[in-house]
Amino acid sequence: MRPPDDFRYIDIHTHLHPPRLSLAIRRWFAERSNWKLEYPTEPELVAGFLRDHGVERFVYFSYAHKAGMAREINAWLHATERTVPHGIPLGTIHPDDPDMMEAVDEALVGYGFQGFKFHINVQRFFPDDPRVLPSTSGCWPSTGSS
C-alpha cells in the first residue's frame, strides 16, 4: 500500500535522551525485560532514519525520572535542536525539583519549547498533581470562576 503523493508523515513520539541517560535506560531494559533495544539513539541518526522513511517532522523528548535532572536534560534537548532541525523538542520537569517553576520558565521562554513530556508511570506522578499545577501560587492562569 502506498500513501497519496501529498501525504505528510509527522512522528509525535520520539525518545531522544542524553548519551549517559540513554545508556542507563538500555542497561535497565537489558537487566529487567526481554526488550531488545538495538537501534541507534544518536539524535542525528534517528533524525536521518525518520527523514529517509518519509517523516517530515518529529516531536522528541526525554524525561526526568528523578529530581535534579530536568534542567540538564532540557539544556541537552535545546542543544540537540541544532543538529535535528526537523525535530520539535518538548521539555521535561520533575515535581520534586525545588526550582521546578524556574525550569518551566527556562524551558518555555528561554528555550522556546512548546510543552512538556510527562512519563507518569516512570516519573511517578499524575498530570493533575498539585506540585505541577501551582495555581494557588499565581504562577499558572486560573481556570476557575470568581
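**Terms and model.** Ala, Val, Leu, Ile, Met, Phe, Trp, Tyr, Cys and Pro count here as nonpolar, Asp, Glu, Lys and Arg as charged, and the others, Gly among them, as polar. The model is predicted, with local features requiring pLDDT of at least 70 and side-chain atom pairs pLDDT 80 or more, whereas totals for chains, interfaces and linings use all residues. Residues are numbered from 1 along each chain as its sequence is written, and side-chain values use heavy atoms, with hydrogens and water left out.

**View 1. The lining of the largest pocket comprises 16 nonpolar, 7 polar and 3 charged residues.** A pocket is an open set of points on a 1 Å grid over the protein atoms alone where a 1.4 Å probe fits, with protein on both sides within 12 Å along at least five of seven lines, and lining residues have an atom within 4 Å of a point. The largest pocket holds about 1,000 Å³ of space (the volume filled by probe spheres set on the points, which are joined across faces, edges and corners). Of its 26 lining residues, His15, His17, Ile25, Phe29 and Leu37 lie nearest the centre. Strand 1 (9-15), helix 1 (19-32) and helix 2 (43-52) each supply at least two lining residues, and helix 1 gives the most, with 7 residues (helices, H or I of at least four residues, and strands, E of at least two, are DSSP runs numbered from the N terminus).

**View 2. The second largest pocket holds about 310 Å³ of space.** Its lining elements with two or more residues are helix 1 and helix 3 (70-80), and helix 1 provides the largest share, 4 residues. Among the lining residues are Pro18, Arg20, His65, Glu72 and Trp76, and the lining as a whole divides into 6 nonpolar, 1 polar and 4 charged residues.

**View 3. Helix 4 (residues 100-110) has Met100, Ala103, Val104 and Ala107 as its buried residues.** Because these residues cover an arc of only 105° around the axis, they lie on the same side of helix 4 (the arc is that of the directions from the helix axis to the C-beta atoms). On the other side, Val109 and Gly110 are exposed (buried means under 20% relative accessible area and exposed over 50%, with a 1.4 Å probe and protein chains only). The buried residues of helix 4 pack against helix 3 (contact means heavy atoms within 4.5 Å), and just after helix 4, glycine 112 takes a positive phi of about 75°.

**View 4. Phenylalanine 58 touches residues including Asp11, Leu16, Leu50, Val84 and Ile88, not counting those up to four places away in sequence.**
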